Amino acid sequence: PCALPGPFAMNVLFTAGTQFPFARMARAVERVAERRPEWRLVFQAGPGASGSALPVCSSAHAAVKAAPMFPQEEFEALFQQADLVVTHAGMGNLLLCLERAKPFFMLPRLASLKEHRNDHQRDTAEAISARYGVPAFYEVAPLVEAILGVRKEALPAFELRDAIERERSAFAKRLNSLVESL
């Protein structure tokens, strides 16, 4: 297992979701760890993750904590501590980040790479990106460069919680209006 030494300049949580391992995400974790060994990187790799779906832990990766799955309570604590979340484009993680206004980047699983059955994650990432301005990446190298370019003190100020609340309120009004008209 990888060790987690002292204080960190940046805390980044990578999460591949709860269905499948995600080797491409593991490569992103490795590349960030190689270039920012002082950062704390946590990777929930997906159930059954092993081999290429887990980052290789070397001395350059000393600040990586990786596991197929973390218990819910531990995942919640890791999520709270994260300055940035890097997630696949699964609805559970996306909604969690949006509702808690947590800065995040998306790396959707792609059917062309046999990471999923179809490209619904690409479609979801495109929709979230268009609606909320959250960056979506389809290749590891640009994702890694974007992560490396993030500064803790200048994280994107996603005003997502307010936007979502406004949308929910408007939807509730439309729904109430519709119900009352029946």
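The questions and answers below concern a predicted model and the terms used to describe it. Local features need pLDDT of at least 70, side-chain atom pairs count only at pLDDT 80 or more, and totals for chains, interfaces and linings use all residues. Residues are numbered from 1 along each chain as its sequence is written, and side-chain values use heavy atoms, with hydrogens and water left out.

Q: What makes up the protein chain in terms of helices and strands?
A: There are 6 helices and 5 strands. Helices (H or I, at least four residues) and strands (E, at least two) are DSSP runs, numbered from the N terminus. From that end the order is β-α-β-β-α-β-α-β-α-α-α.

Q: Why is the pair of Phe105 and Phe137 called edge-to-face?
A: Rings of Phe, Tyr and Trp (its six-membered ring) pair if their centres lie within 6.5 Å; planes under 30 degrees apart count as stacked, over 60 as edge-to-face and the rest as tilted. By this rule the count comes to 1 aromatic pair. The ring centres of Phe105 and Phe137 are 5.5 Å apart and the planes stand at 70 degrees, so the pair is edge-to-face.

Q: Where in the chain do Phe105 and Phe137 lie?
A: Phe105 is in strand β5 (residues 104-106), while Phe137 is in the loop between α4 (120-132) and α5 (140-149). They are 32 residues apart, and the pair links distant parts of the chain. Both Phe105 and Phe137 are buried.

Q: Why is Gln44 called buried?
A: Buried means under 20% relative accessible area, exposed over 50%, partly exposed in between (1.4 Å probe, protein chains only). Gln44 has a relative accessible area of 4%, so the residue counts as buried. Gln44 is found in strand β2 (residues 40-44). Leaving aside neighbours within four places in sequence, the contacts of Gln44 (heavy atoms within 4.5 Å) include Phe14, Phe70 and Phe75.

Q: What makes Ala101 count as partly exposed?
A: Its relative accessibility is 24%, so Ala101 falls in the partly exposed class. Ala101 is in the loop between α3 (91-99) and β5. Ala101 has a positive phi of about 50 degrees although it is not a glycine. In α3, Asn93, Leu94, Leu96, Cys97 and Leu98 are buried.

Q: How do you know that a charge sits over the ring of Tyr138?
A: The rule asks for NZ of Lys or CZ of Arg within 6 Å of the ring centre and within 35 degrees of the ring normal. The charged end of Arg122 sits over the ring of Tyr138, 4.6 Å from its centre. Lys102 lies over the face of Phe79, at 5.3 Å from the ring centre.

Q: Why is α1 called oblique to α5?
A: Axes are lines fitted to C-alpha atoms, for helices over the stretch in contact, and angles run from 0 to 180 degrees between N-to-C directions. The axes of α1 (residues 23-35) and α5 come within 10 Å and cross at roughly 40 degrees. Because of that angle, α1 is oblique to α5: under 35 degrees counts as roughly parallel, over 145 as roughly antiparallel, 65 to 115 as roughly perpendicular and the rest as oblique.

Q: Which residues make the contact of α1 and α5?
A: Among them are Arg24, Ala28 and Val32 of α1, and Val140, Val144 and Leu148 of α5.
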